[in-house]
Amino acid sequence: MAQMLAALGPRGTPDWELLDAVLADTVTIGTLYDAWQHDDLAGLRARLTDIDVTGHIDGWQRWLGDRVAPDTAQHYLVYLTTLMPSGEPFWRSALSAPTVARWLAARAGVSAGTKRKYLAAVQSFAKYLLEVGVLAEHPLRDVSPPPAADPRCHFLELPDVRRVVEGAPQPFRAMYALAYGAGLEVSAILGLVDADVDPVARQVRARGTKAWTRDRLARVADWAWPHVAEHLAAVLPGSRVFLGMDRWIVGEAHRTRVRALGLDGYRLHDARHHWAVRMARAGAPLELIARQLGHRDTAMCSKVYARFTPNTVERDRWEGVAASSDEAKWGRLVATSVATEMDNRVESREDSAGTADDAASYVNSRGGTRTRDPGIMSAVL
């Protein structure tokens, strides 16, 4: 002990501060002695200035309130507590790339997609600590998330969808009709108020929470609308369409319903795929599908639903629809009338039997052929 005191030096030297910490009861003399014996005074000094970052979790949740949806903030908190259990300290020095990488790898039974969400939660917390000055640099930049899985496209065909919807009690029947018949996610369904519904156009204003593009108008399929209208008849003006419901209640009810029908493995969120595939098969533009689903652009729709675009028979049917629309809008097609006029004038020139010199005089320096008739040229140009 005397050797340690001599090694720490006289009062006022940096190492003497460790003895002051012993006097202040922030470290025990035994801890100091062990650190000195193992030549770890620098490590002890770092631990003395360490901070329990769990004290900043409440502030982080308030910070998230302006950045993500409430249910996302709630999920982030659940993910973070698997790394930082409630009631236990978690030191700033432990929030490192190796620690988080090992924690992420240890999530047994968790899909790669969910692990990406776990990592996003911890990275968000680290970003908050960086902004409020608890961290000097972001410690998790080098942690790589698991590769993204292929986009899920599990869907039911319409006969099974109608079994799911029509056999459910209200208000779940109306909810499932909106999910399968309009491609709405559960957060948008639960956020509906009476004023969001347009019974004449059979559409709703869906205010999803994932991104600004989730605030959109969605047309409800004709087969699904009667179930929605039935529930709306009991909704008071100005009130929420589905009072007293949350995503957990709705999700569990849907799982119970599909399990009873022998359709295990289908999630309520998969209902969006049924609507999108049905529209793609009908030849609806991917832009329309993307907008109703609330996507920013057509990239994801092209990746997931382009395989369901119409077959040859369906394409011919839609070509007929397009041709009828053209004729209704423009009358006799301009291209057809121009082609007929050109054919007639060519026949007229052939009947006049012009000389070879005449023909040669109408070949320009670039090898193109000119015509004496300005009407044809104006039509071509």
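Ala218 counts as buried because its relative accessibility comes to 0% (buried means under 20% relative accessible area, exposed over 50% and partly exposed in between, with a 1.4 Å probe and protein chains only). Ala218 sits in strand 3; strands here are DSSP runs of E with at least two residues, helices are runs of H or I with at least four, and both are numbered from the N terminus. Leaving out neighbours within four places in sequence, Ala218 touches Ala182, Leu184, Arg202, Gln203, Val204 and Gln292, where contact means heavy atoms within 4.5 Å. Arg205 is 13 residues away from Ala218 in sequence, and the C-alpha atoms of the two are 6.3 Å apart.

A word on the ground rules. This is a predicted model, in which local features need pLDDT of at least 70 and side-chain atom pairs count only at pLDDT 80 or more, while totals for chains, interfaces and linings use all residues. Residues are numbered from 1 along each chain as its sequence is written, and side-chain values use heavy atoms, with hydrogens and water left out.

Zooming out, the protein chain holds 20 helices and 3 strands. It runs to 381 residues, of which 35% count as buried. Take the contacts between residues at least 6 apart in sequence: 62% of these join residues at least 24 apart.

Helix 14 (residues 271–281) is mostly covered, with 9 of its 11 residues buried. Those residues are Ala271, Arg272, His273, His274, Trp275, Ala276, Val277, Met279 and Ala280. What do they pack against? The partners are helix 9 (158–166), helix 10 (172–182), strand 3 (215–219), helix 15 (286–293) and helix 16 (299–305). Just past the end of helix 14, Gly283 adopts a positive phi of about 90°.

One of those partners, helix 10, has an axis that comes within 6 Å of the axis of helix 14, crossing at roughly 40°. Axes are lines fitted to C-alpha atoms, for helices over the stretch in contact, and angles run from 0 to 180 degrees between N-to-C directions. That makes helix 10 oblique to helix 14 (under 35 degrees counts as roughly parallel, over 145 as roughly antiparallel, 65 to 115 as roughly perpendicular and the rest as oblique). Helix 10 brings Ala179, Tyr180, Gly181 and Ala182 to the contact, and helix 14 brings Ala271, Arg272, His274 and Trp275. By class, that is 5 nonpolar, 2 polar and 1 charged residues; Ala, Val, Leu, Ile, Met, Phe, Trp, Tyr, Cys and Pro count as nonpolar, Asp, Glu, Lys and Arg as charged, and the others, Gly among them, as polar.

Helix 10 also packs with helix 9, at an angle of about 150° and with the axes 8 Å apart. Helix 9 is therefore roughly antiparallel to helix 10. Val161, Val164, Val165 and Glu166 of helix 9 meet Arg173, Tyr176, Ala177 and Tyr180 of helix 10. This contact has 6 nonpolar residues, no polar ones and 2 charged.

Elsewhere, helix 6 (residues 70–83) and helix 8 (residues 112–131) pack at about 85°, with axes 9 Å apart, which means that helix 6 is roughly perpendicular to helix 8. On the helix 6 side, the contact uses Tyr76, Tyr79, Leu80, Thr82 and Leu83. The helix 8 side includes Lys117, Tyr118 and Phe125.

On to the rings. The structure holds 6 aromatic pairs, meaning rings of Phe, Tyr and Trp (its six-membered ring) with centres within 6.5 Å; planes under 30 degrees apart count as stacked, over 60 as edge-to-face and the rest as tilted. Trp103 and Tyr118 make a tilted pair, because their ring centres are 5.8 Å apart and their planes lie at 50°. This pair links distant parts of the chain, with Trp103 in helix 7 (residues 97–105) and Tyr118 in helix 8, 15 residues apart. Both Trp103 and Tyr118 are buried, and together with Tyr79 they form one aromatic cluster.

Phe155 and Phe308 pair edge-to-face, at 5.5 Å centre to centre and 90° between the planes. Phe155 lies in the loop between helix 8 and helix 9, and Phe308 in the loop between helix 16 and helix 17 (312–330), so the pair ties together parts 153 residues apart in sequence. Phe155 counts as buried at 19% relative accessibility, and Phe308 does at 15%.
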